[in-house]
Amino acid sequence: MNFYEVAILKSPLENLTYQSENLIEIGTLVEVTLANRKNSNQAIIIKKVEKPEFKCSDILKITDFCCSSFMLEVADFISKYYVCSMGQSLTIFQFFNKNIEYENKIIEFKKEINLSSFQQEAKDFLDSKKQALLFAKTGAGKTEIYIKTIKEVITNGKQAVFLMPEISLTPQMQKRLEEVFGKTIAIWHSKVSVKKRREILENLQNGEIKLIAGARSALFLPYKDLGLIIVDEEHDDSYKSDSTPRYNAKDLAIFIAKKFDIKLILGSATPSINSFHKIPYFELDRTFYETKKSYIFENTSQKISQNTLLKIENTIKSNHQTIVFLPTRANFKHQICFDCGKSVECPFCSVSMSLHKNDLALKCHYCGFTQKIPEFCPSCKTGIIKNHRVGTAEIEELLKNEFPKNIIKRFDTDTIKNERILKTILDEFNDNKIDVLVGTQMLSKGHDYHNVKLAVILGIDCLLNMNSYKAREKALSLLIQIAGRSGRNGFGEVVIETKNEEFFKHYLEEASYLDFLKDELEFRKDLYPPFVKLARVILSSTNGLKVKEELGEIVKYLKSINEIEVVGFGECAIFKIANKYRYEILIRSRNSKELLRSLHSIKSSHISIDMDTIY
């Protein structure tokens, strides 16, 4: 009899021991039963072990699927760093089919890519580094550099993965990649049908497909010989999973590249501070076409000003298009002064406090400081503090009333329900069949809008004043990304409705995003990433009293550890979800090992851990 340690897929349980008369290869997908349950569970063979002292259940079935040693190593890292079971970390992978043999086929490319001198200079820098950051201005032509590099990797017989933050980017990128790589490329994301997924996995394993482009899950496919990972728009928070395991695909790409000696390119016009601090970068600050932008600031936080409406009217009359942007809102309202545009800040942290309506209080989610809702703004002493909410549907309706003869459409997750609708709206917009496109962050995701001469940015103060140490980074990054959609070729105007003109104007006109990154690094020293590690412990249960008691015990334990600081704890911003009461603890430490050791030692069935939290 042989005995094996197995990881139960999708289960939070630690690895269990099972027996089989067969010799089973490490990494094989098998089926087992748990306790007295009738249904079988899928599991992965982790290692062969000695006969244990206790009685073992039999392995019921050995399948034709397996994961590679590469997958097992990455899954092991995920389980240790993101604090979850091996079974949970292995769940995100697509496994190999043992019956499919890989053949390294010769690829014929359909199109040649020629780089400009400044693009070539950037590529030469990327070629000289195993892992590098392409800090490329919007419109600088970084996609051509990516394609050129992918061609070289594929020519050398290796595979490549091209990660994008959201599926909303894929139609345009798919078209550009297929022009060069033809049928050797596949698109992978959550909306791909089950039948299509099976076809892609088969062709990836037999060597027909050499390049996978898609969302973060594309990183976990069965690659035989991965030679290149590209993470486009690497600053985007969409790379962070919001369910267990709460991994960050961008950070995992960096780990995989270093661990397995794979070439990595991160790319963004507004790189994240963490990547900028840790990865060698090349700044490509010249655009492919000659462009010039004019920034107009409107000192308002109201819906949309008359001056802005006049700008939109003039743009329509000149047969050009407008995009109107509103940032995706947080899950809780912020209290913002309508006079000075400031939110109510915590006196102990450089972050805005959030409204807890049930408690009639404002609370800092970093240190736990709480105060009653003030009658007047603490900053200007005279302004009235109000809830501020502007939505895309509201702006769309307003613009339709103002411009009844023109075509106004919305571009957000409420309207873009599938890839077909997404492609239709983008095609209509690029064919000049839409005059004004009103949308959320989806508008910023790297789309090429050929005829846009005006970008209107509303509600950016909500983002700047949100309850996060990353508020300034997110607000400025998003603003620059949206501004980059206007005047891709020629002159463009950007209207920014804000009460914080001084901040935005400084980095848009007087300084640069590079200056901002350097300034922000100074601000974050000793307090926030990349200088310390932040983790969020979330407890949730239908029994509110029990989970609150458990919260107290965990906080007491964490406070007893010298190298860990409990920054704050208490109710989550959204206290109740799906009838479960939720509490959180925010901790930070300079010592990653001690932080992870402490998190792994907390045993609770109500716990979820968000390592490197972005909130």
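Phe162 counts as buried, at 0% relative accessibility, where buried stands for under 20% relative accessible area with a 1.4 Å probe and protein chains only. The model is a predicted one, in which local features need pLDDT of at least 70 and side-chain atom pairs count only at pLDDT 80 or more, whereas totals for chains, interfaces and linings use all residues. Residues are numbered from 1 along each chain as its sequence is written, and side-chain values use heavy atoms, with hydrogens and water left out.

Across the whole structure, a search finds 19 aromatic pairs, a pair being rings of Phe, Tyr and Trp (its six-membered ring) whose centres lie within 6.5 Å, with planes under 30 degrees apart counted as stacked, over 60 as edge-to-face and the rest as tilted. The rings of Tyr146 and Phe162 have centres 5.4 Å apart and planes at 90 degrees, so this pair is edge-to-face. Because Tyr146 lies in helix H4 (residues 142-155) and Phe162 in strand S9 (residues 159-163), the pair ties together parts that are 16 residues apart in sequence; helices (H or I, at least four residues) and strands (E, at least two) are DSSP runs numbered from the N terminus. Tyr146 is buried, with a relative accessible area of 0%.

The rings of Phe503 and Phe516 are likewise edge-to-face, because their centres are 6.3 Å apart and their planes stand at 80 degrees. Phe503 and Phe516 are both buried, and they belong to one aromatic cluster that also contains Phe135, Phe276, Tyr281, Phe504, Tyr507 and Tyr513.

Note on methods
Buried < 20%, exposed > 50% of the residue type's maximum accessible area, 1.4 Å probe, protein only.
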